Every structure is written in structure tokens, then in C-alpha cells.
Amino acid sequence: MIKKVLLLLTICFNTVVFSQITGSVKDAKNETLAFVNIYVEGTYKGTTSNDDGNYELNVTEKGTYTIVFKFLGFKTEKRTVTISSFPYELNVTLQEENLSLDEVVINSNENPANRIIRAAIDNRKRMLEKIAEFKADFYSRGLIKIEDVPEKILGQEVGDLEGSLDSTRSGIIYLSETISKIDFKRPDNLKEKITASKVSGNDNGFSFNTAMDVDFNFYNNTIELGNQIVSPIADYAFNYYRYKLDGVFYDDKGNLINKIKVIPKRENDRIFSGTIYIVEDQWSIYALELDITGQQAQIPVADVISLTQTFSYSEAEQFWVLMSQQIDFTYGIFGITGEGRFSAVYSNYDFNPNFDKKTFGREILSFENEANKKDSTFWNTIRPIPLTKEESNDYVLKDSIQIVRKSKTYLDSIDAKSNRFKVTDIISGYNYQNTYKDKYFSISGPLAGTSFNTVQGFNNNMRVFFRKNYDEFRKYLALYGTVGYGLSDKRLRGTVTATYKFNDINDQIINISGGVIAQQFNNNAISPLINSVSTLFFEDNYMKLYETSYVQLNFSREIFNGLNLYSNLSFQRRKPLYNTTDYVTINEKDDAYTSNNPLDETSFGSTPFETHNIAKLNLTARIRFGQKYFSYPDSKFTVPNDNYPTVFLSYEKGFASSVDDYNYDQLQLRLAQGFNIANKGNFQYNIKAGKLFNAEDIAFTDYQHFNGNQTRVGTSSNYLNVFNNLPYYELSTNNQYLEFHAEHDFKGYILGKIPLLNKLNYNLVIGAHTLAAPDHKPYQEYSIGIDNIGFKKFRFLRLDYVRSYQNGFKNDAVVFGLKFLNFID
């Protein structure tokens with residue numbers, strides 16, 4: 001037994017210690033240099049130095065090697081070494097590069113940088129075609145720091161973020177590493193298998209660092225970074241950038257490298273600023289150092305994002321390949337600030353991989369068995385970028401305390417503090433949790449969901465919630481109840497719902513619910529908050545309600561990749577409701593409440609249907625063509641393919657009604673898609689077509705209703721499911737119908753080019769909407785609006801002008817979009 005232990009220790013010791021070239025990299029002033037590229041000449045085996053200037057280059061065999069040290073702004077250094085034993089220490093001092101313009105032929109008629117960029121643009125497509133396919137090893141490390149975290153945010157205790165914060169309320173909140181194998185084939189096939197994953201403080205966690213999330217190819221016209229950002233060598237780059245030649249230098253192979261400053265023409269365009277290095281005559285990217293602000297990328301939480309890439313020349317393939325990439329960023333919101341870095345190293349390229357037809361399928365990310373169980377010996381052996389002292393301390397600290405923090409004693413002590421009942425909980429609500437057993441309970445205050453309508457008067461909607469998680473939330477049991485009382489109609493109503501999720505792979509969920517509710521004829525017609533304001537202050541009671549007593553069974557799951565089935569079966573008793581109050585906060589003399597009958601708002605004694613019972617069955621299939629997915633252990637995350645529309649096929653049947661005429665059938669087809677059009681913004685559409693059968697005399701509740709808007713307030717991020725100038729129930733139908741919505745958000749493509757206006761960073765949005773049914777003339781809406789309105793990081797407003805037509809001009813309106821209300825409701 002002792003011999004086996006000693007043998008194992010010997011193997012580990014030799015693996016960790018005797019298989020590396022290690023050292024540090026400094027400049028002539030003895031300052032450490034971070035992110036220096038270090039690689040074995042003639043190979044794709046490499047690494048980079050860390051923030052402390054230290055590096056580790058994994059070399060497993062003794063022999064003679066030429067080690068290359070390459071860093072932007074410094075002369076490339078080569079050291080030929082003969083290694084007879086490991087570890088081998090190699091410290092290097094780099095000298096600053098001497099930039100010169102002496103060899104540049106100046107033409108008074110043209111900026112020399114423009115000539116170089118034009119040549120790079122002409123070569124762009126050829127470079128994309130050159131790298132047709134490859135295999136490679138990929139390493140990524142992600143680090144996110146946070147500073148000056150307050151004790152509370154919006155009244156909620158923050159805590160120490162799982163031990164991440166020090167005494168100054170600052171610290172590392174995310175530290176993670178991945179090692180993976182990647183396969184690539186043009187134009188956009190990228191497959192990744194993660195062989196090792198490590199998350200600081202979570203020995204069972206899986207890193208979210210992936211190669212596809214940082215796949216930034218500047219030979220493409222645009223780069224996906226929040227929005228589509230224009231590359232400095234895009235076909236239309238001269239519409240966005242100015243260029244200046246800062247100087248030239250020769251690399252270690254004698255190539256003339258042009259250092260070109262990239263200057264935005266307009267500060268708020270979707271563009272970068274910084275430096276790009278272009279190889280003379282080859283017109284390839286040698287390296288780049290580019291920045292983009294959060295405002296430019298329209299990522300509100302980000303301040304500045306910096307992206308650095310370094311390439312190496314392949315003698316065999318005769319092109320430049322990406323060796324390392326670094327993304328640095330700073331962020332801030334609600335007074336919290338921080339910074340982060342994601343470093344990546346690409347190595348061991350194989351440009352003749354001989355892929356077969358089965359190599360690329362729908363699965364684009366997977367994990368090797370026990371990828372998250374690798375020990376420190378493994379990581380010390382294979383990690384290409386050594387840990388900094390700060391990172392090493394974070395691993396040691398969090399790994400040492402995670403056992404304590406997972407213990408029942410510790411978790412119970414934390415829960416005891418947060419579960420303590422306070423007098424204010426009587427009003428605001430109470431939350432209870434048993435973290436060790438993964439159980440959670442909450443009850444809202446009695447005023448939760450308070451709203452006003454003319455049927456119930458002032459009413460509330462108290463909520464009670466319980467959830468028990470299994471297998472780290474991959475499965476769960478949830479119980480949910482509501483109870484509300486209408487002060488005017490003096491009616492108590494409530495619901496109970498039980499939900500069980502079976503797994504996190506096919507998302508199989510069963511749901512049983514029942515109760516009594518007052519619901520709108522069209523559930524999406526108007527939000528309770530907007531209706532309350534409209535009713536109390538403007539005397540416009542747009543919400544129309546009826547009462548349903550029901551029991552319902554829902555079942556959903558993925559049948560196979562790309563096909564999901566959703567079904568529900570219910571039995572309902574439905575009866576009409578009437579206005580019970582005329583209370584108003586501001587009484588307009590020339591205005592009055594309308595009745596609760598959407599078919600005749602002047603008739604206060606009539607109803608749109610008879611009280612009746614009915615059973616309803618709904619089956620919906622969602623089809624996502626070309627859907628890809630990530631395979632995590634016991635979990636699946638889908639990635640829609642925006643090259644194809646998402647298709648919804650629905651069948652609904654009303655049967656066994658106590659009123660024979662109320663039985664019906666409905667078929668519906670829906671297509672929805674959204675995609676980027678390079679630098680010209682994002683286009684989306686939503687099309688619905690359907691028909692109701694045997695529905696001549698059905699209850700108005702079962703008509704096909706269309707989302708209108710009479711309040712002139714929008715609450716969604718887009719208007720792909722609403723007619724903003726259409727009365728709520730004016731065009732409801734029990735026949736066939738066609739509904740179409742389309743929007744194009746130019747993302748600064750238009751307004752970004754208008755002087756002065758481009759400083760506001762607004763987005764121009766245009767839309768077209770139409771509705772057709774046999775029982776009325778076709779209805780159309782056209783809109784033009786401005787999105788991304790707000791102040792600094794808070795841009796939740798939108799403003800649209802809408803014109804509607806139906807057999808000629810019908811109406812126009814200005815719609816104020818309050819996108820934050822979508823989260824409140």
C-alpha cells in the first residue's frame with residue numbers, strides 16, 4: 001500500500017514539476033509584462049504570461065527548442081535553449097519596439113493608412129476562405145471582481161456573496177477555468193467538448209467560459225458583442241472609421257508590420273477604437289488592441305470593453321492564426337463597480353482534421369465525464385497561464401470554506417438570520433428558506449397586486465409560494481396559491497397550482513391548477529397597473545372581465561431536439577360580470593365609464609355570453625428548425641437558429657358545453673423570427689393565421705382576440721404582438737384571420753449618422769402591422785419611433801408615432817413606451 005502511495009506521489013511530482021519551462025517576463029525598467037505570448041517556434045504550443053508577468057510553458061520532452069516571446073509594443077525575443085532536465089527556468093527582458101515612418105512612402109493625395117486598410121479589406125474574404133477547417137485546444141480563464149458593495153440594494157440584504165467580499169466589501173465574485181477541444185468548419189460550424197472545468201468555491205460547478213462565446217473573427221464584417229459591431233476592416237469600414245499610420249516595424253521573420261490607429265468618425269456608432277496591426281503585402285491581421293464603450297455596444301452595465309488578439313504565422317499553412325485573446329472590461333450600476341478579464345489561449349492547431357459527416361450535429365457543446373472533478377495536480381500540470389497570487393489565494397480560500405458553507409450548521413445559522421420575522425413583514429410579506437434542504441417559502445403582503453377596475457373596485461392579489469428543489473434545481477416541486485378580494489363586488493377569489501419538473505434535459509413539466517378568477521376576455525389586453533391609472537385618473541375603464549371557475553391540467557416536454565409539445569385540458573364554468581362601482585379619482589365632466597360588455601359598451605344590463613360550462617383542450621407544437629444545444633451534465637440548453645423561423649402549430653377544441661352552440665374547433669399557425677442584418681440593425685416578424693370551425697354562435701370569450709392599445713402606453717420591449725392604435729375588442733373574430741407584425745430596429749444605422757442627434761445614442765425603429773378577417777376591412781398600422789431613450793445607463797423609454805388605416809386613413813397616435821413596466825407587471 002505504501003509503495004503504491006509513493007509511486008503515485010512520484011508520478012504526480014514528476015508530472016507537475018518536471019514538465020515545464022517557467023519564468024517571468026519584464027521590460028527594461030524591470031516592470032512585469034502581462035499577456036505576453038510565449039510559444040515554441042514552429043508549433044502551435046503556447047501560453048501567455050499572467051498579471052504578475054509569470055508564465056508556464058508545457059513542454060514534455062527534453063531537447064532543443066526555440067522559445068518565442070511576443071508582445072505588442074516590444075521587440076519579439078527568441079531564445080534557443082537545450083533542456084536536459086525539468087523544470088527549466090527562462091527569464092526574459094523585452095525591449096521596446098522602435099516605431100518608424102522612415103520607410104513609408106508618403107503620397108500627398110492619400111493617407112498611407114487608408115491604402116493599407118483598403119488592401120486588408122480586399123483580402124478579408126480570402127482570409128476567411130483560407131481557414132476552412134481546423135481542430136484546436138482551447139483554454140479560458142474568467143475573472144470578475146466587484147468593489148464597494150453596499151450592505152443593502154433596494155432594501156435587500158446583500159451578504160458577503162458566498163465569501164467573496166473582504167472587509168472593504170470588495171473581492172472576486174467569479175473565477176473559473178475551462179480546457180476544451182474545439183472543431184471548426186466554415187462558415188459557422190463550431191463544436192466544443194470541455195474536458196476540464198473549474199469554478200472557485202464550487203467543486204461541483206461547471207464553468208460558463210466557452211470558445212463560442214468569445215469567437216470574435218475580425219475578418220467578418222461585424223462582430224457579435226451585445227450588438228453587431230463593425231470591424232475595422234469591414235467592407236464598409238470607411239463609413240465608420242478614420243485611420244492613422246502610427247508607425248511600422250519588422251517582426252522576427254522580417255515582415256513589415258503597420259501599426260494603424262483606428263478612430264471612430266462618430267462616437268456612438270457600433271464601432272471600436274484603438275489599434276490594429278496589418279502585415280504589409282500579406283494584408284493579414286498581426287494583432288489588434290481595440291476598445292468599445294458600453295454605450296456604443298448598448299450594454300448598459302458595461303463601461304469599457306477592451307479586446308486584444310495576437311496572431312502567429314504558420315509556415316506550413318502560410319497564414320496567420322489566432323494564438324491568444326484577452327477581453328478586459330469595467331462595469332458599474334446602482335453604485336456598484338468592478339472589472340473583469342477573460343483570457344484565452346489557442347494551441348495545437350490541426351488544419352487537416354479530416355472531419356466526416358457526423359462531426360458536426362446539433363450538439364455544439366458537451367462535457368467530458370467528471371470534467372469538473374479534476375484535482376489541483378491536474379490543473380497545475382496543464383494550465384497554460386499560471387495563476388496570479390490573487391487568483392491562487394481565491395481558490396485556496398473559497399475551496400477551504402465551501403465545506404463549512406455547505407454544512408447544515410452554517411446554512412441553518414444564515415437562514416435563522418434571514419428568516420427572522422419583522423413587524424414590517426405584515427405589510428411587505430415574509431420569506432422563509434431552508435437552504436440545506438433546498439426549500440423555500442414566501443407569502444406576499446395583503447396589499448400585493450393591488451389594482452382597481454370597475455367590476456371589483458379596489459382588489460388585491462396575495463400570493464403564497466413554496467418550492468422544493470431536487471438535484472440542484474434540475475427538478476423541483478412548486479406550490480403556488482393566490483387569494484384576492486374585491487372591495488366593491490365583495491367577492492373572494494383564489495387559485496391553487498402545483499407544478500413538478502421531472503428533469504432539465506427534455507423539460508418535462510406537469511401542472512395542475514384550479515380556482516376562481518376574474519379574467520379578461522383577452523388575457524393580454526391591458527395590464528392591471530395601466531388599467532388602474534387609466535380608470536381612476538382618466539375615467540377610461542378598458543379592462544373587461546368575466547368570472548371563471550376552473551380545474552386545469554398542463555403537460556409539456558421536448559419530444560426531440562427542436563420539437564416541443566405543450567398541452568392543457570380544462571373544465572370551466574364561466575359567467576358574465578357587471579360593473580359594481582363608479583368611483584373615480586378625477587371626474588371628467590364629459591366622460592363616463594363604459595359597461596363591462598365589450599360588444600356593446602353602452603349597454604350596462606346586457607352580457608356578451610350566457611353562463612355556461614365547457615371543457616377545453618389545447619395542443620401546441622413548437623418547431624425550431626436547425627436548433628442547436630449545449631449538453632451540460634443532466635441539463636440541456638437550447639440555442640435557436642435565427643436562419644429559420646420558429647413555427648407554432650396549435651389546435652384548440654371547446655366541447656361538452658352546457659350550451660351546444662358554444663362548442664368549437666380552432667387551428668392556428670404562427671411563424672416568428674428575428675435576425676441581424678449586419679450593420680443595418682435587427683429585423684423581426686411575427687405572423688399568425690388561423691380559423692375557427694363550427695363557431696358561428698360561440699361565446700365571445702372564445703373569439704380570437706387581438707392585442708390592441710387604447711392607453712397610448714406601451715409596456716413591452718418590442719411591438720411584435722400588439723396593434724398600438726386598435727381598440728381592444730373592435731376586430732375580434734369567430735372566423736378565419738391573418739395577423740402580421742414586423743419591426744426593424746436600425747441600432748444607430750440611421751440616427752448615428754445625423755450630426756448632434758447621434759450624440760443621444762437613440763435607435764430608429766420602424767414597424768408595419770396588418771390584420772385581415774372576412775367580417776371587416778383589412779386593418780393596417782405603420783409606425784416610426786425612437787428607442788433607447790433615457791439617461792446614461794438607464795434607457796427604458798421608447799416613443800412611437802403610429803398611423804392606422806382601414807378603408808382609408810383611420811387614426812394616428814403617439815405611444816409612450818415604458819419598457820420597465822414589463823418587469824413590474
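**View 1. Lining of the second largest cavity in the predicted model.** Y39, K70, D251, D252, K253, Y286, S312, Y313 and W320 line the second largest cavity, whose volume is about 60 Å³. A cavity is a set of points on a 1 Å grid over the protein atoms alone where a 1.4 Å probe fits but cannot get out, and lining residues have an atom within 4 Å of a point. The lining has 4 nonpolar, 1 polar and 4 charged residues. This is a predicted model, in which local features need pLDDT of at least 70 and side-chain atom pairs pLDDT 80 or more, while totals for chains, interfaces and linings use all residues. Residues are numbered from 1 along each chain as its sequence is written, and side-chain values use heavy atoms, without hydrogens and water.

**View 2. The largest cavity.** The structure holds 7 cavities of 30 Å³ or more, and the largest has a volume of about 120 Å³. Of its 14 lining residues, D51, R141, R341, S343 and E391 are the closest to its centre. Strands (DSSP runs of E, at least two residues) β9 (133-147) and β22 (336-350) each give two or more residues to this lining; β9 has the largest share, 3 residues. By class, the lining divides into 3 nonpolar, 7 polar and 4 charged residues.

**View 3. A nonpolar surface patch.** F458, V483, Y485, L487, L492 and Y583 form the patch, with about 560 Å² of accessible area together. Patch residues have over 30% relative accessible area and no salt bridge, and nonpolar side chains are joined within 5 Å. F458 lies in strand β27 (residues 457-459). F458 counts as partly exposed because its relative accessibility is 36%, between the limits of under 20% for buried and over 50% for exposed (1.4 Å probe, protein chains only).

Key: Patch = residues over 30% accessible without salt bridge, like charges linked within 9 Å, V, L, I, M, F, W, Y side chains within 5 Å. Areas by Shrake-Rupley, 256 points an atom, 1.4 Å probe, with all protein chains shown as cover. Salt bridge = Lys/Arg side-chain N within 4 Å of Asp/Glu carboxyl O. Helix = DSSP H or I, 4+ residues; strand = E, 2+ residues; numbered from the N terminus. 1 Å grid on protein atoms, 1.4 Å probe; cavity = no way out; pocket = protein on both sides within 12 Å on 5 of 7 lines; lining within 4 Å. Points joined across faces, edges and corners; volume = space filled by probe spheres on them. Nonpolar A, V, L, I, M, F, W, Y, C, P; charged D, E, K, R; others polar.
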